[in-house]
Amino acid sequence: MMDTETKQAKRKENFAKLDEAIAARKGERGALMPVLQEAQAIFGYVPQDVQIRIANGLGVPLTEVYGVSTFYSQFALEEQGRHIIGLCLGTACYVRGAQKILDRLSSELDCKVGHTTKDGAFTLNATRCLGACGLAPVMMIDDEVYGRLTPGEVPGILAKYKDQQAS
Ligand code: FES
């Protein structure tokens, strides 16, 4: 864990990098998207203070920055957990009970979809079709795919990741 001083120094450094990215594209047409992508690469997510810096730096309305960052799922608005869960809510998975899996994940983790658990261990996302409909319902945790899921399997799967952290 980083102490507060290190965190603040890192934050300052990240904002300096962001300012450079903004300065490099200022006045360019369509600068917002690449600057947001750089912001995401620098910070790992695009929180509100970063959005404000971009809006001021590029001279675009904050509502536009917010609109673009929420429209594209590639942008995260919150700090991401150490493990990213992507539960498919595509049609095939949905009809095979993905909502029940999602409800179980949500209650096991005490975390709503689109958010990160309080301990920073997991971010719970719903995704579009993962291209593995034959395995519906499907979820991914980081790069691992889990198919033909039942709600009862959820705690065991999550436990594997919790153990990894403890070791
Ligand atoms: S709908 Fe879930 S993998 Fe295709």
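**Figure 1. Loop between α6 and β2 around D110.** In this predicted model, D110 is placed in the loop that runs between α6 (98-109) and β2 (115-116). The backbone of D110 has a phi near 50°, a positive value in a residue other than glycine. D110 counts as exposed because 9 C-beta neighbours lie inside 10 Å, and the cut-off for an exposed residue is 12 or fewer.

**Figure 2. Loop between β4 and β5 around D142.** D142 is located in the loop between β4 and β5 (144-146). Here phi is near 55°, again a positive value in a residue other than glycine. Since D142 has 10 C-beta neighbours inside 10 Å, D142 counts as exposed.

Figure 3. P137 belongs to the loop between β3 (122-127) and β4 (139-141).

**Figure 4. Packing of helix α1 against helix α2.** Helix α1 (residues 4-25) packs with α2 at an angle of about 165°, and the two axes are 10 Å apart. This angle makes α1 roughly antiparallel to α2, as angles over 145 degrees are counted in that class. The crossing of α1 and α2 is right-handed. On the α1 side, the contact is made by N14, K17, L18, A21, I22 and R25; these residues meet P34, V35, E38, A39, I42 and F43 of α2. By residue class, the contact of α1 with α2 comprises 8 nonpolar, 1 polar and 3 charged residues.

**Figure 5. Packing of helix α2 against helix α3.** Helix α2 (residues 32-43) and helix α3 (residues 48-58) pack at an angle of about 145°, with 11 Å between their axes. Their crossing is right-handed. From α2, the residues L32, V35, L36, A39 and F43 meet V50, I54 and L58 from α3. The residues of this contact divide into 8 nonpolar, no polar and no charged. V35, A39 and F43 of α2 are among the residues that meet α3, and V35, A39 and F43 are also among those that meet α1.

**Figure 6. Arrangement of the two domains.** The protein is divided into domain 1, covering residues 4-71, and domain 2, covering residues 83-166.

Terms used: Residues are numbered from 1 along each chain as its sequence is written. This is a predicted model: local features need pLDDT of at least 70, side-chain atom pairs count only at pLDDT 80 or more; totals for chains, interfaces and linings use all residues. Axes are lines fitted to C-alpha atoms, for helices over the stretch in contact, and angles run from 0 to 180 degrees between N-to-C directions. Helices (H or I, at least four residues) and strands (E, at least two) are DSSP runs, numbered from the N terminus. A crossing is left-handed if the near helix is turned anticlockwise from the far one by less than a right angle, and right-handed if clockwise. Two residues are in contact if their C-beta atoms, placed from the backbone, lie within 7 Å. Ala, Val, Leu, Ile, Met, Phe, Trp, Tyr, Cys and Pro count as nonpolar, Asp, Glu, Lys and Arg as charged, and the others, Gly among them, as polar. Domain bounds come from an automatic or database domain assignment. A residue is buried if 20 or more other C-beta atoms lie within 10 Å of its own, exposed if 12 or fewer, and partly exposed in between; C-beta atoms are placed from the backbone. Angles under 35 degrees count as roughly parallel, over 145 as roughly antiparallel, 65 to 115 as roughly perpendicular and the rest as oblique.
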